[in-house]
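I opened this structure to see how its chains are built and where they touch. These are my notes, in the order in which I looked things up.

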Amino acid sequence: MAASRVSSYSLESQRVSLARGSSALISPEGVREDGRSPHECRPAFLQTGAVNAAAGSAYAEFGQTKVIVSVFGPRESKKAQAYSDIGRLNCNVSFATFAGSVRGKAGQSTEEKEYSQMLYKGLEGAVALHTFPKTTVDVFALILQSGGGDLPVVLSCASLALADAGIVMYDLVSAISLSRLDTNLLLDATLGEEINQDGSLMLACMASRNEVTQLLLTGEWSQANLSEGLKLCLDACTKLAGLMRSTLKESTSNIED
Amino acid sequence: MALEFISPEGLRLDGRRPAEIRQLRANLGVIDKADGSATFEMGNTKVIAAVYGPHEVQNRSQQLLDQALVKCEYSMANFSTGDRRRKQKGDRRSVEISLVIRQSMEAAIMTHLLPRTQIDIFVHVLQADGGTRSACINAASLALADAGIPMRDIVASCASGYLNNTPLLDLNYLEDSGGGPDVTIALLPKLDKITLLQMDAKLPLEMFEKVFELGNKGCVAIANYMRNVLLENTKDLAFARGVVKV
Amino acid sequence: MVVGLSAAERRYLTDGIAQGLRNDGRGLYDFRAFSVELAIIPQANGSARVRLGATDVITSVKAELGRPQASRPSQGRVEINIECSSTAAPQFEGRGGEDLSLELSRALYRSLLCNNGTGPAIDLSALTVIEGKLCWNLFIDGLVLSSDGNLLDVLAIAVKAALSNTGIPKVEVTSAAAAEQEADFEISDNPDDFSGFDVSHVPVIITLTKVGRTYIVDATEEEESQMSSAISIAVNSAGHVCGITKRGGAGLDPSVLLDMISVAKEVSKSLLSTVDAEIMAAESRGDDQM
């Protein structure tokens, strides 16, 4: 892994900011805790080829959220599984025990299971499964640090890792989440903002095909808010997709060198 | 004795006489998608059973060449007991009961007529108030009959016990947890054969015979009821198809 | 779920839907008729059974007194657990139903309570008895007995019905306890002395299943087997969207997505009034029996 920049493992105590009013999280001038404007994403860092042993891998860092995804395969499907003329995608998301402020427990939690399902559903529509019949591709995601918007970061990172592994996809999947506090729509929310949100929106899409692969919405939304939120997320996804694309290009040009 | 299970008038806690069964109720064809299904109620105990099959064996390695493979799964709904407990499927108790139900049903099903097939029996306890084992066997038996699976005889099951020096028929939860012996019997009434006999705690031999005899009678009564339910159901079906006119 | 359809049957089904015709004669946005039964589990605080076609679910609500979470001292907690009984399909045997159970539980939870438990559907602060010390926790258990598609929508109806049937016993605080003391309280023995539950904000869920280029409401299992993608949209009585979960399959064009949302809103109006009417009817039936 080429260290292109100094890693930022700062020990910010982000989780102190429990249950506060929205006024504490966003100033009257519209500046958020970390100095961002409401519709600004966190600084993102993406890199492919983080794990040597894997067929493909990627590392993603969005603010305090750090995720590593490795892809193995395609390999022969397990004998017990019935014949399938399309490939299988086996997704597994896990939190590192040190990912949160409380030490995680061993064994798969329901949250991990749910994230695994979501990851599968977000990628399923993007991967050309018919190109590897009878075989399985494993996608293992590890959340190293949970700092808000974990699932979208995992999704984007996983599609990057799949691309790195040379799995045929229709398009890269980029994902972003948005939190609603009162009437404020905060793009790419941090953990502190997520805890205090009263509505959330997570969108994963294939930007160049203009297709939504995963959408998750909670809380009560009016039509105007909803349309605005969707538009914000779509725009952010398009931007993120550009960044992912350039990351991939960079990594291939490194190989050529 | 902490609790008197029988009043001086000879009545039990829920007002029954010692040799009385709780109110029975059964319905057939309650699950449209299943090949056969039934609910069975004994007082406040209520179970639902579904039968799928005979169909192709899912796991080829388990296929039997000379007879049908019978599978059974027992589970309890979260809301089935008074205090809510989150139960995982496949704990020791449910594995044991699954086995018990499977074995007693297998004895009745003419498995040799359906080689290389699989029959799935699923029972789910909706309300538990003692005697779930028996209710499950009865429900499974009705569901199998509803699915049209060939059987030697219907299986009827009933529990009996011994409390306050009296043999009691069809224990409810309170009596079941009274600490006395609990004898569960499953009977093939026409053949007069026992397919299941379970007992915990200890009981003098001569007393056991009485308790056993009582349980046996309970099974016969339940079998009669089940036969009636099946007959009524068949009549309804025949009427619905216009085979008979009432 | 494995639905054995021949190529011809598949074609018949998908081509029919493309022309606005469904196998059971319904229109694209029509729900099947459903029936509601209330108070069917005597040991629960509230329960309901909803049958829609061959889909059959039971939900129960149990209220237990407990300590509120430290981070939310003035709120009760709600847990939702759905179980897919193996009686509904042999595939649910053993751990087979777990994935679907989890998906349904989480989708319901998100629609009712947002993902951090502050949702608009259930007023959690109404569950508090003594702030920071005592609150009611609601356990919502669902059981799928028989499945013929559209489980999530039916479960949402059943949860709404069970909550409307839920009575929470009155709690009398007997000693005005100091901040650090344990509070003494008495639960009222009188079975008539309970408070009901306001379910007017509980949304209904409408799952739009896309088959080919068309999307349909209340898909049967056969129709679900032919879906390219599906999206579940929760809508409350105010006409506001309370939750969206996309349930797998291929990608969707954002404009189609917005279309689907507006269709769901339209459908929700009539569905909500039917649900309310069915619950009312079930209540009056229950009163007659008493």
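I began with the overall size of chain B, taking the radius of gyration over C-alpha atoms and comparing it with a globule rule of 2.2 Å times the number of residues to the power 0.38. For 246 residues a compact globule would have a radius of gyration near 18 Å, and chain B has 19 Å, which agrees. Along the principal axes, the C-alpha atoms of chain B fill a box of roughly 55 × 50 × 35 Å.

I noted the ground rules next: this is a predicted model, in which local features need pLDDT of at least 70 and side-chain atom pairs count only at pLDDT 80 or more, while totals for chains, interfaces and linings use all residues. Residues are numbered from 1 along each chain as its sequence is written, and chains are lettered from A and ligands numbered from 1 in the order in which they are written.

Then I looked at burial, where a residue is buried if 20 or more other C-beta atoms, placed from the backbone, lie within 10 Å of its own. In chain B, buried residues make up 46% of the 246 residues. Two residues are in contact if their C-beta atoms, placed from the backbone, lie within 7 Å. Of the contacts in chain B with a separation of 6 or more, 69% are between residues 24 or more positions apart.

For the secondary structure I used DSSP runs, numbered from the N terminus, with helices (H or I) of at least four residues and strands (E) of at least two. Chain B has four helices and nine strands, and from the N terminus on they run β-β-β-β-α-β-α-β-β-α-β-β-α.

Which order do the strands of the open sheet in chain B have? I found four strands in the order β7-β6-β8-β9, with antiparallel pairing, where two strands pair if DSSP finds at least two bridges between them. β7 (166-169) and β9 (193-200) of chain B stand at the edges with a single partner strand each, so one side of each is left without a neighbour in the sheet. Seven bridges join β8 (residues 182-188) of chain B to β9(B), and Leu188(B) stands opposite Lys193(B) there. Helix α2 (residues 132-146) of chain B packs on this sheet, touching β6 (156-163) and β8 of chain B. Helix α4 (residues 205-240) of chain B also packs on the sheet, touching β6, β7 and β8 of chain B.

Finally I turned to the places where chains meet. Between chains C and A, 29 residues of chain C are in contact with 32 residues of chain A. On the side of chain C that touches chain A, β14(C) gives the most, with nine residues. Strand β9 (residues 211-221) of chain A pairs with β14(C) in the antiparallel sense over four bridges, and the bridge partner of Leu217(A) is Ile244(C).

I also checked the other pair, in which 20 residues of chain B are in contact with 25 residues of chain C. The largest share of the side of chain B that touches chain C comes from β5(B), with four residues.

Definitions and conventions: Buried ≥ 20, exposed ≤ 12 C-beta atoms within 10 Å, placed from the backbone. Axes fitted to C-alpha atoms, helices over the stretch in contact; angles between N-to-C directions.
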